[in-house]
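Visitor: Please pick one part of this model and take me through it closely, along with whatever it leads to. I'd enjoy one connected account.

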Amino acid sequence: MVDETVASEVIQENGWTIFALTGRLDRVTAPQIGEQAESALDSCAKLALDVKHLSYLSSAGIRILLRLAQKAKKEQKAFAVCGAEGFVKEVIEESNMNAIVTIYGERSELG
Amino acid sequence: MAILEVRGLSKSFDGLTVLESVDLSVQEGECVAIIGTSGCGKSVFLRCLNLLERPDAGSVAVGGREITAQGAKVDEIRRQMGMVFQRFCLFSHRNVMDNLCLAPTELLGMPRETAEEKAMGLLREVGLAAKAGAFPRVLSGGQQQRIAICRALMMEPKVLLMDEPTSALDPAMVGEVLAVIRMLAKQGRTMLIVTHEMNFAREVADRVLFFSDGGIYEQGTPEEIFDSPQREKTVAFIQKRKYFTYEIRSKEGFDLMELQGGIWSFAEKYGIGGARVYALQYCAEELIYEFFDYSFRDTDAVQMTLALTYAQAQDVITLELESSGAAYDPFLTESEAAEDDDAHIGITILKKRIENFAYRFDEGVNRVRLEL
């Protein structure tokens, strides 16, 4: 079945605030996740979006990543994406986002 | 009594048996759709009925008169069967009215005035009264085929034979011809239609004949043939192509989850793998919202149909999106995340994933088609 929703979890690890996503990030689920992720960025200096358990990503999700990257840059904070696999990884690569966002393979690679 | 009675009809070409001892009775007012793979003999069967092909054996009778009998008045009996061909076959040097009036005045001795009156009535029915003076070359394929149907009806045939009446048409024109045939079915015309339009056959036919192995391999109501075919080759034919359609009538009311769930179930049922399902869902989502945002900018009411077709034999999935609204070619747009312009990034990514995509706008409808 389709994962009906998306879930998020905030974890502290190695000086990073990890915003971990599970499920689908699409036009319907993106607005809520966008708000949550932005408020997580507000209250930390280093935010990483862990998409390891994200199964589906559309351009609505890509736009969230871009907003976060822009906001982090403006506020001189660190922002990274990690854990992308399969379809999600392909979409991230095809969006050319690696030019403006640091992408890590695994959460453990976060510097 | 049956209006059309076929007994033991056989036909072979150069030793290759195409039809072998086919029997068929068609009742007055019945609409019969004939389906089957290319080369299964369905068109040959139709052409044998009015002796455009001479059968090797068997008999064909229309309204109780046997066209295959020794000394039969073939031309007279043939007139009882109006024929509509794939390629309209109108006289190019005569206008529409002449095309329609020629046969009834010459062959039936109908006064020209009566013929013209009848022709105008038919043209009105198919929405082409304004084209009576036009020559075929200025008409679209769909219009020519509607005229060709009128021409067949001018002779007041007892049975209409249609040999793939939409297969030579541009996809955009298929609808208008099917609409005319649908109307004829509602009027209770007796028709035999060879067609590849399965949805149409299902909707319009009283009975469906599946041709294979030199004859009627299986027959039944549309429900019997399309929903629960019994014999092996019918099952293989019917299940070769799989369809999924989804209608959207309002932006506000659109349920993305429901659509994606539908695509998921469709894919799961036919063994389409995980990565392709996501790709399908991605294409559907991006295209729909691209039209919401740029073709239906200031309105909530939309008219969109998303259709998926899976050709199992070729392992190709076709996604087609038909959408009303302002003409908008989504594939002309381009944007890159790295360039700080993400307005059309969804489509930009889509174009990187998909090699075969096309856009057309005709008769007020945006048509997008892509293959995965």
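**A close look at one helix**

Guide: H2(A) is mostly covered, with 12 of its 16 residues buried; buried means under 20% relative accessible area, exposed over 50%, and partly exposed in between (1.4 Å probe, protein chains only). A word on the ground rules: this is a predicted model, where local features need pLDDT of at least 70, side-chain atom pairs count only at pLDDT 80 or more, and totals for chains, interfaces and linings use all residues. Residues are numbered from 1 along each chain as its sequence is written, chains are lettered from A and ligands numbered from 1 in the order in which they are written, and side-chain values use heavy atoms, leaving out hydrogens and water.

Helices (H or I, at least four residues) and strands (E, at least two) are DSSP runs, numbered from the N terminus. From its first C-alpha to its last, H2(A) reaches 22 Å, close to the 22 Å expected at 1.5 Å a residue; the expected span is 1.5 Å times one less than the number of residues. Its buried residues include A:Ile62, A:Ile64, A:Leu65, A:Leu66 and A:Leu68, and also the charged A:Arg63 and A:Lys71. Just after the helix, A:Gln76 has a positive phi of about 55°.

Let's stay with A:Lys71, which is buried at a relative accessible area of 17%. Its side chain meets that of A:Asp42 in a salt bridge of 2.8 Å, N to O, the rule being a side-chain nitrogen of Lys or Arg within 4 Å of a carboxyl oxygen of Asp or Glu. A:Lys71 sits in H2 and A:Asp42 in helix H1 (residues 30-42) of chain A, so the pair ties together parts that are 29 residues apart in sequence. A:Asp42, for its part, is partly exposed, at 47% relative accessibility.

In all, 27 residues of chain A are in contact with 27 residues of chain B, contact meaning heavy atoms within 4.5 Å. The chains bury about 2400 Å² between them, 55% of it on carbon and sulfur atoms; buried area is the accessible area (1.4 Å probe) that two parts lose on being put together, summed over both. A:Arg27, A:Phe87 and A:Glu94 supply 25% of the area that chain A buries against chain B, more than any other three residues.

The rule finds 3 salt bridges across this interface, and A:Arg27 and B:Asp293 meet in a salt bridge, at 3.0 Å, N to O. On chain A, the elements giving two or more residues to the side that touches chain B are strand S3 (46-57), helix H2 (59-74) and helix H3 (86-94). H2(A) gives the largest share, 6 residues. That side of chain A divides into 12 nonpolar, 7 polar and 8 charged residues.
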